[in-house]
Amino acid sequence: LLDIRADIAKHVPMNRLLQGDVGAGKTAVAVATIGMGLYNRKQVALMAPTSILAEQHYRGISKSLENMPTDIRPVVALLTSALTQSECNSVYRGLDDGSIDLVIGTHAIIQDGVQFNDLGVAIIDEQHRFGVAQRRKLWEKTPSEKGQSIPPHILVMTATPIPRTLAMSVY
């Protein structure tokens, strides 16, 4: 966490891989990272590979954020393919105008129509289940300033150390 805190304090975007066994505390690190992003008044996105995992994260993280030791009470939204088009459009508007602070969802987060107002931190759970192009789409959904995209801090998490993940770490 100290390394993540130091990275988030920099103007250079963090790009970290967090690998650990199931139950090792990756979600706790993600919650702390979300808190850092929210404390800095930035939007945060957490993308999970399945609706079930996204909903689990939504319930657990929302409950954890209720106990934040600050006056910040973030607006948290769930975005999955199970939502109606009207519900999706409402989330899209909230992300675009900045009224939603944290979105937790599936591939729906990287669909056309999703644009963030000020995405500061993007977390990808079970990152090996997403392709490189899919992960890139998430961090390209940031606003542009003077024609240049402002990339968010990236934290990718996995419990599955696979050769591609290790190669990405070295790269």
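**Close-up views of a predicted model**

K10 has a relative accessible area of 47%, which places this residue in the partly exposed class. The model shown in these views is a predicted one.

**View 1. D7, K10 and R16 are joined in a network of salt bridges.** Let's start with the partners of D7. The side chain of D7 meets that of K10 in a salt bridge with an N to O distance of 3.9 Å, and it also meets the side chain of R16, here at 2.6 Å, N to O. Is D7 buried or exposed? D7 counts as buried because its relative accessibility is 13%, and the cut-off for that class is under 20%. R16, with 29%, counts as partly exposed.

**View 2. A salt bridge joins D118 and K42.** Three salt bridges are found in the structure, and in this one the side chains come to 3.2 Å, N to O. Which parts of the chain does the pair link? D118 sits in the loop between β4 and β5, while K42 belongs to the loop between α2 and β2; these distant parts of the chain are 76 residues apart. D118 is partly exposed at 25% relative accessibility, and K42 is partly exposed at 34%.

**View 3. Six strands make up an open, parallel sheet.** Follow the order β1-β8-β5-β2-β4-β3 across the sheet. β1 (15-19) and β3 are the edge strands, and each has a single partner, so one side of each lacks a neighbour in the sheet. From one strand to the next, the twist averages 15°. Helix α2 (residues 26-39) packs on the sheet and touches β1, β2, β4, β5 and β8, with its direction at about 170° to that of β8.

**View 4. Strand β4 (residues 102-105) is seen here with its neighbours β2 and β3.** β2 (residues 43-47) pairs with β4 in the parallel sense through four bridges, and M47 lies opposite G105. On the β3 (residues 76-79) side, four bridges again make a parallel pairing with β4; L102 is the bridge partner of V76. Side chains in a regular strand alternate between the two faces of the sheet. In β4, L102 and I104 point one way, V103 and G105 point the other way, and all are buried.

**View 5. Strands β5 (residues 119-124) and β8 (residues 153-158) run parallel.** Four bridges hold the pairing. For a handy landmark, look for A122, which stands opposite I154 in β8.

Methods. Residues are numbered from 1 along each chain as its sequence is written. This is a predicted model: local features need pLDDT of at least 70, side-chain atom pairs count only at pLDDT 80 or more; totals for chains, interfaces and linings use all residues. Side-chain values use heavy atoms; hydrogens and water are left out. Buried means under 20% relative accessible area, exposed over 50%, partly exposed in between (1.4 Å probe, protein chains only). Helices (H or I, at least four residues) and strands (E, at least two) are DSSP runs, numbered from the N terminus. Two strands pair if DSSP finds at least two bridges between them. Axes are lines fitted to C-alpha atoms, for helices over the stretch in contact, and angles run from 0 to 180 degrees between N-to-C directions. Contact means heavy atoms within 4.5 Å. A salt bridge is a side-chain nitrogen of Lys or Arg within 4 Å of a carboxyl oxygen of Asp or Glu.
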